[in-house]
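Here is a short report for a first look at the model. Keep the structure open while you read.

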Amino acid sequence: MLALLGASATPAALVALAGPSPFGGTPDQISLARFDEQEPLVRVLLVQSEVLEPTAVGGPLQLRDGQGRLLTVLPEGERLRISRRGPLLLLERPDVDPTLAPPQQLALQELRLSAIWSGAARRGSTAGEETPRLPWRAAAADPGRSLPLVGLGRRRYRGLVRVLPDGDRLQAVNLLGLEHYLASVVGSEMPASWPAEALRAQAVAARTYALAQLKPEAPFDLRSTVASQVYRGTEAETDSTRSAVAATRSLVLSHGGSLIDAVFHSSSGGSTENS
């Protein structure tokens, strides 16, 4: 069983192993390392459904096609209903009189939903865009910064939500910076009231696992359920989980110069099997 050291240890600190190494080497081959590349984006499958109803939370919601062209803006607090009509996407605004906002059928393979942020996001806009793009990556100095959100069901999400066709259903895939994602995962997988060192260890394991699951050729990298690691959007973020992520920023578990597959469980029943 892998036992993580508290992340307050130096980056060169070794990870302790209980018993023989499941990787076939000696314990000193498994260590904390730094992932020094620019913070990557992760794509998380939130839900697969015949109908999606996103909501603009904390500000208006912009809708763009797969090429980034602005289609419309949804006012704050309003819902959008998205469904399939054969090869078309049907967009409806159930909170508005249909004579004022008639349903639209669009031949799109992708719809992008993101809240409009009027601050420094404008620096990320491109020529010809009518509204700024949201900055998907967290600011290193302020990972807890409050931004407008995309609502879906009972949850709220940072970043962008891509709506993609999946047979007769639709996939909602959240695209956001790794560190914001981890602040939610840590609080989803472990009580946020647990000791700081436990939260930091969870952050290192979750970061390592997420990075090892990146699949550029697939429509998403991770699921929001126990099929990958649980991700409940901003609802699971707290000051303690954000602090744990910030304190371990870029720290991952490596073996032989590569990321390990840092799977973990909430309860082993008292024993584990050799991996």
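Strand β7 (residues 61-65) and strand β8 (residues 70-74) pair in the antiparallel sense over four bridges. Two strands pair if DSSP finds at least two bridges between them. Strands are DSSP runs of E with at least two residues, helices are runs of H or I with at least four, and both are numbered from the N terminus. The model is predicted: local features need pLDDT of at least 70 and side-chain atom pairs pLDDT 80 or more, while totals for chains, interfaces and linings use all residues. Residues are numbered from 1 along each chain as its sequence is written, and side-chain values use heavy atoms, without hydrogens and water.

β7 and β8 form a hairpin with four residues between them. In the turn, G68 has a positive phi of about 90 degrees. Q62 stands opposite V73 in β8. The side chain of Q62 also joins that of R64 in a polar contact of 3.0 Å. Such a contact is a pair of N or O atoms within 3.5 Å; within protein, one must be able to donate a hydrogen and the other to accept it, and residues adjacent in sequence count only if both atoms are side-chain atoms. R64 itself sits in β7.

How accessible are R64, S250 and R156? The table gives the values. Buried means under 20% relative accessible area, exposed over 50%, and partly exposed in between (1.4 Å probe, protein chains only).

| Residue | Relative accessible area | Class |
|---|---|---|
| R64 | 5% | buried |
| S250 | 15% | buried |
| R156 | 30% | partly exposed |

S250 lies in the loop between α3 and β18 (251-255). S250 is not a glycine, yet its phi is positive, at about 75 degrees.

R156 belongs to strand β14 (residues 155-157). A polar atom of its side chain lies 3.3 Å from the backbone oxygen of G153. R156 and G233 are 77 residues apart along the chain, but their C-alpha atoms are separated by 5.5 Å. Leaving out residues up to four places away in sequence, R156 touches V57, L149, V150, G151, G233 and T234. Contact means heavy atoms within 4.5 Å.

Now the helices. The axes of α2 (residues 196-212) and α3 (residues 239-247) come within 8 Å and cross at roughly 60 degrees. Axes are lines fitted to C-alpha atoms over the stretch in contact, and angles run from 0 to 180 degrees between N-to-C directions. From α2 come L199, R200, A203 and R207; from α3 come S240, A244, V245 and A247.
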